[in-house]
Amino acid sequence: MRITDVRAIQPVAPNSPNDWRTSLGQILVAVDTDAGLTGYGVGGGGLAGVHVVATVLRDLLLERDPDPVEQLWDQMYAHTLAFGQKGIAIMAISGVDLALWDLRGKACDTPVAGLLGGRTDLEIPTYTTLWDDPTDAQLDQHRAFKMHLERCTGEDPVAAVVTAVRRARERLGAEHQLMIDAWMRWDLETALAVEQAIRGSAVEWIEEPLPADDLQGYRQLQNQASIPIAGGEHEFTAAGFRPLIDERLHDILQPDVCWCGGLTQLVQIYESALAAGLRVCPHRGAELWGLHAVAALDPQPLAESGRPWMTWVGGQPPIQDGVIRLTDRPGFGAVIDEDNLPAVSGSC
Ligand SMILES: [Mg+2]
């Protein structure tokens, strides 16, 4: 089998947030072959990511055998090294890598979970992310919740967070799990103060309390915190995760398969983290692109709910009663309707 084309667009996602998640939003990558099979993957970087695919990665992959995905990943990384390593170039590679894995599954009529040695018939527990108090319907549908705390600012952010956490715990009761997410907004002093103040609220983890590159801050935080620290949503490649794992700077690693380098890197991150006795909980792991790895590789699976505006990816299994289950469709099982996929202007 040979690759005949590598295409990328940024599909319009009308309800995506008015921030980088739209301007540099998720891209669809399609890898066509002379066998008539097309593999699909989702990467990131918006039109900048599309440009990397169209001008660098496509030329590298045309006429190549798509099967040795890991070798092709190394070559894509080497080809983008001068301007890549992290960020948009790796987001683009992620989409291509996922499309190649999708092809690998389709070529042998096997779901990606099966390629990884796993099964598709498992019920995988999920959690959902909240920006506000949970509704009654959400309490019925989900068993675990993560609260975003970006709104807790002002003169005394620590007090605002503590109030929000206590209110959430009261609303959820003891039977629902609760996690919190600071999205890199705190400094060390704030993180330490919050961690101490909420120890009695049964919080499962504190996510991204510090900026992703504040490794010294994470060292100090890990020395003093008793609540597990989660992070890695904004880190790239298995090499990038190495210091986080080797120094145990996070208790829970959260790579995003659509921008950390794709499944090839997620598999390596799982291997390193599990060997170190750390947990992996991929960012938005309930989306098809990460769910196969969660199902196949994770001894303690917990899949985060996906992005509601990613409606252009069909075939996404629903979350019901707090769990999700894969289908038996080959590859990732995504259903892409290319004929009805308006693209952001400038896509090629
Ligand atoms: Mg997060």
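Helix H2 (residues 46-61) packs against helix H3 (residues 69-79) at an angle of about 140°, and the axes of the two helices are 10 Å apart. Helices (H or I, at least four residues) and strands (E, at least two) are DSSP runs, numbered from the N terminus. Axes are lines fitted to C-alpha atoms, for helices over the stretch in contact, and angles run from 0 to 180 degrees between N-to-C directions. The angle makes H2 oblique to H3; angles under 35 degrees count as roughly parallel, over 145 as roughly antiparallel, 65 to 115 as roughly perpendicular and the rest as oblique. The crossing of H2 and H3 is right-handed, that is, the near helix is turned clockwise from the far one by less than a right angle, with anticlockwise giving a left-handed crossing.

The structure is a predicted model, in which local features need pLDDT of at least 70, side-chain atom pairs count only at pLDDT 80 or more, and totals for chains, interfaces and linings use all residues. Residues are numbered from 1 along each chain as its sequence is written.

On the H2 side, the contact is made by Val56, Leu57, Leu60 and Leu61, and on the H3 side by Leu72, Gln75, Met76 and His79. Two residues are in contact if their C-beta atoms, placed from the backbone, lie within 7 Å. The residues of the contact of H2 with H3 comprise six nonpolar, two polar and no charged. In this division Ala, Val, Leu, Ile, Met, Phe, Trp, Tyr, Cys and Pro count as nonpolar, Asp, Glu, Lys and Arg as charged, and the others, Gly among them, as polar.

Thr237, Ala238, Phe241 and Ile245 of H10 meet Gln265, Gln268, Ile269, Ser272 and Ala273 of H11. By class, this contact of H10 with H11 has five nonpolar, four polar and no charged residues.

The protein is divided into domain 1 (3-109) and domain 2 (114-324), with bounds that come from an automatic or database domain assignment. The centres of the two domains, taken over C-alpha atoms, are separated by 25 Å. In domain 1, 23 residues are in contact with 18 residues of domain 2. Strand E3 (38-43), H3 and helix H4 (88-107) each supply at least two residues of the side of domain 1 that touches domain 2. H4 gives the most to this side, with nine residues. The side of domain 1 that touches domain 2 has 10 nonpolar, nine polar and four charged residues.

Ile3 lies in strand E1 (residues 3-9). Ile3 counts as buried because it has 22 C-beta neighbours inside 10 Å; a residue is buried if 20 or more other C-beta atoms lie within 10 Å of its own, exposed if 12 or fewer, and partly exposed in between, with C-beta atoms placed from the backbone. Leaving aside neighbours within four places in sequence, Ile3 is in contact with Val31, Thr33, Leu61, Leu62, Glu63, Arg64 and Pro66.

Leu149 is found in the loop between strand E5 (144-148) and helix H7 (157-172). Leu149 also counts as buried, with 24 C-beta neighbours inside 10 Å. Helix H12 (residues 288-297) is mostly covered, 10 of its 10 residues being buried.
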